[in-house]
Structure formats: C-alpha cells, structure tokens
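Here is a short report on one protein chain. Look at the sequence and the model first, then read on.

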Amino acid sequence: MTLAYYSVAAREEFWTEHWGGHSVEELLAVARESPLTPLVTAALPTQGRVLEAGCGLGQYVLLLRERGWQAIGVDWSVEALAGCRRVARAPLAAMELGALAVRDGAIGAYVSLGVVEHDPEGPDAILAEARRVLAPGGVIVVSVPYLNGI
C-alpha cells in the first residue's frame, strides 16, 4: 500500500458538496454516540466559551450546547452553516481559521476536529491563531487523522 500526500487545497465548493451529503440530525446522532465525544468533553473547562473551528454542519456545537457549554462555531462554508441554522439556533459565523474575528484571549477552549490537516501550508497559522484567541489556562483540543503502521 502506498500513502500519498495531496497538496491541493479543498475549496469551499468541495466542503459545500461534502456537507451536502449529510444532515445535521444524522451527524448529531453520530456525535452523541461517538467514542471521540467523551474524550473531547473530558478535556473542556466548565466555564468560558468553547469555539469549534471548522464546525461544518455544527453537530458538535449543538451537542456541546445541549450539554451546557457556551459553544460557538466557525467555518468557511456558508452553506454548511446555513444547514445547521435550518435545524437549530446556534451562534455560528463564517470565518477563515487563520484570521479569526475574535479578540485575544476570549475563548476558554478551542476545539477543531479533523480540520488543521487540510491547510496546504500546514497547521502552523491555524494553531497560532487558536493560541491567540485562547484565554490564559485555556484548552486546545485538536484531532487529526490517525495514520497507522501501514
């Protein structure tokens, strides 16, 4: 088996099509049962805002809000955000993850699930921006694909 790295950026149209193949309700049901969810929630502080960067259809924003967190979501796919808004009220905004319209130190936790690896320039700019908006003592939870021994 050969592993290949593709340095072609996924454009907004790709994500619009990708998220269009799913429903918010379907992904929220998956998130409620996912083994990833307890790992994420165990790391989160009980106070402060939680920013999900690259929230897509917003299933984790909705899940965290139903469990008591002040979760907000950002994504660059306006269509995906609109899909979430059609199902539930949630604070969502279209933003570039490398240039968030969030003041320094305003976020208690930054969550990004399967997003940073998609930047063809690498994750550095996104992670630096995550650090900038994070409050002192805040938490960053980032997941990336697991590459096994193959």
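Thr 37 is buried, with a relative accessible area of 1%. Buried means under 20% relative accessible area, exposed over 50%, and partly exposed in between, with a 1.4 Å probe and protein chains only. Thr 37 sits in helix H3. Its side chain makes a polar contact of 2.7 Å with the side chain of Tyr 60. A polar contact is a pair of N or O atoms within 3.5 Å; within protein, one must be able to donate a hydrogen and the other to accept it, and residues adjacent in sequence count only if both atoms are side-chain atoms. Leaving aside neighbours within four places in sequence, Thr 37 is in contact with Ala 31, Tyr 60, Leu 63 and Arg 67. Contact means heavy atoms within 4.5 Å.

The model is predicted: local features need pLDDT of at least 70, side-chain atom pairs count only at pLDDT 80 or more, and totals for chains, interfaces and linings use all residues. Residues are numbered from 1 along each chain as its sequence is written, and side-chain values use heavy atoms, with hydrogens and water left out.

**Chain overview**

The protein chain has six helices and five strands. From the N terminus, their order is α-α-α-β-α-β-α-β-β-α-β. Helices (H or I, at least four residues) and strands (E, at least two) are DSSP runs, numbered from the N terminus. Of the 150 residues, 40% are buried. Among contacts with a separation of 6 or more, 65% join residues 24 or more positions apart.

| Helix | Residues | Buried residues |
|---|---|---|
| H2 | 24–33 | Val 24, Leu 27, Leu 28, Ala 31 |
| H3 | 36–43 | Thr 37, Val 40, Thr 41 |

Seen down the axis of H2, its buried residues fall within an arc of 105 degrees, so they line one face of the helix. The arc is that of the directions from the helix axis to the C-beta atoms. On the other side of H3, Leu 39 and Ala 42 are exposed. The buried residues of H3 pack against H2, helix H4 (59–66), strand S4 (107–113) and strand S5 (134–143).

**Strand S5**

Ile 140 lies in strand S5. Is Ile 140 buried or partly exposed? Ile 140 is partly exposed, with a relative accessible area of 35%.
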